Amino acid sequence: MVCLLAVVSGLIATVYFVHGQSSLSSWRRTETIDNVLLNDLPDEQYYAKLLDHYRGGCGEICNYTMKGRPGKFFDYMEKTFDCRALYGNPFLDRPAVRWPPPRTIPACLYAHYTMGGRIQVRDQYIPSRYTHKAPMQWTPAYIEGVVTAARNSSFHGGCGPRETSAVREAIAMAKLSGQHILVVGTLKPWVEALLLVAGVRRVTTLEYGPIISTHPRLDAMQPAEFNGRFLNGTLPVFDASGSFSSLEHPGLGRYGDLLNPYADLMSVAKVWCAVRKGGKFLLGVPFRKRLDRIWWNANRVYGPIRLPHLASNWHQLGFVPDHGNANQQVWILQK
């Protein structure tokens, strides 16, 4: 079930970044994004070449052989993040050029998606290219209408009442009143409304599609602006962040994003880079206690294998099960 969409696009023209892997440690200059994306290579060669560029700045994030140590609810993983390299890699936020996405995982990417064959793959192919023809308009009247609805316990946002109740409970447990919160991915501002009801000072939404917000406590950015402001030092340091039913999708191509086996891990690492030390992160993703799975290309399901990598460097405080059809466990994490 899709409740929020992942951030999957950006608009930077030329690649200038450092590869984080030891085998890719030299500077790569001069090659434009168009040269990489627009060519007639066979699919296997094409996606193998893209993989090289995805991993720029990835470093230990893309090392799926690293081991964690026992944590409060699942293994705790500690990795080194190169934040500037992550934000400076434009391939992490680009839309796909080839459409539709492959019907099955390309062979050159299979081990990367399945973390060495340890994650099950099942078929649920949903090509649904995501575009916005016009910006969403978040006027004060519209936002206040959603906020008024969110004060009612029967309110449900992008999923259903039980999922919404889980997010509401997680927000209360995290004690976010008076804070500036980053929300990652949205179709409509239901998580933002719940945060405003809880008394946060301000909400910034990071979303692929353009949003024009005139509400005094709610603003929005697209990835190109967000990445640029991080790099030039004008992005605020957020007190906390939240994402629900969003980060299980990046890199699968479902919404017109580039295939990237590590896109979810890199997206969460970028959130970590943007949040202050001690800040909370409410992470809602599909969860199974004993099972990791990829429903290609619909979404990932996180279990004991990939969840520790997704939550690298975040300390585990608590969780709220949603008890709904989406099976989106909401983890309360802290930097």
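Me: Two strands pair if DSSP finds at least two bridges between them. What counts as a helix or a strand?

Reply: Both are DSSP runs, numbered from the N terminus: helices are H or I with at least four residues, strands are E with at least two.

Me: And what kind of model is this?

Reply: This is a predicted model, where local features need pLDDT of at least 70 and side-chain atom pairs count only at pLDDT 80 or more, while totals for chains, interfaces and linings use all residues. Residues are numbered from 1 along each chain as its sequence is written, and side-chain values use heavy atoms, leaving out hydrogens and water.

Me: How many bridges join strand 3 to strand 11?

Reply: Five. The two strands run parallel, with strand 11 covering residues 293–297. R122 stands opposite W295 in strand 11.

Me: What holds paired strands together?

Reply: Strands of a sheet pair through backbone hydrogen bonds, either parallel or antiparallel.

Me: What about the open sheet of seven strands?

Reply: Its order is 8-6-5-9-10-14-13, again with mixed pairing. Strand 8 (218–221) and strand 13 (315–320) stand at the edges. Each has a single partner strand, so one side of each has no neighbour in the sheet. The twist averages 20° from one strand to the next. Angles run from 0 to 180 degrees between N-to-C directions, and axes are lines fitted to C-alpha atoms, for helices over the stretch in contact.

Me: How do strand 13 and strand 14 run?

Reply: Antiparallel, joined by five bridges, with strand 14 at residues 328–334. V320 has V330 in strand 14 as its bridge partner.

Me: Which strands does helix 9 lie across?

Reply: Strand 5, strand 9 and strand 10 (275–286). Helix 9 runs at about 155° to strand 10.

Me: Is helix 9 mostly covered or uncovered?

Reply: Mostly covered: twelve of its twelve residues are buried (under 20% relative accessible area; exposed is over 50%, partly exposed in between; 1.4 Å probe, protein chains only). Among them are L265, W272 and K270.

Me: What does K270 touch?

Reply: L86, Y87, L92, D93 and N227, not counting residues up to four places away in sequence. Contact means heavy atoms within 4.5 Å. K270 counts as buried because its relative accessibility is 9%.

Me: What should helix 9 span?

Reply: It has twelve residues, 263–274, and should span 16 Å at 1.5 Å a residue. The rule is 1.5 Å times one less than the number of residues. Its end C-alpha atoms are 17 Å apart, which agrees.

Me: New topic. At what angle do helix 6 and helix 7 pack?

Reply: About 40°, with their axes 10 Å apart. Helix 6 is residues 161–174 and helix 7 is residues 190–197. The two are therefore oblique to each other. Under 35 degrees is roughly parallel, over 145 roughly antiparallel, 65 to 115 roughly perpendicular, and the rest oblique.

Me: Which residues meet there?

Reply: T164, V167, R168 and I171 in helix 6 meet W190, L194 and L195 in helix 7.

Me: Last one: where is R98 found?

Reply: In the loop between helix 3 (83–87) and helix 4 (107–113). R98 is buried, at 19% relative accessible area. R98 and N39 are 59 residues apart in sequence but 9.9 Å apart in space, C-alpha to C-alpha.
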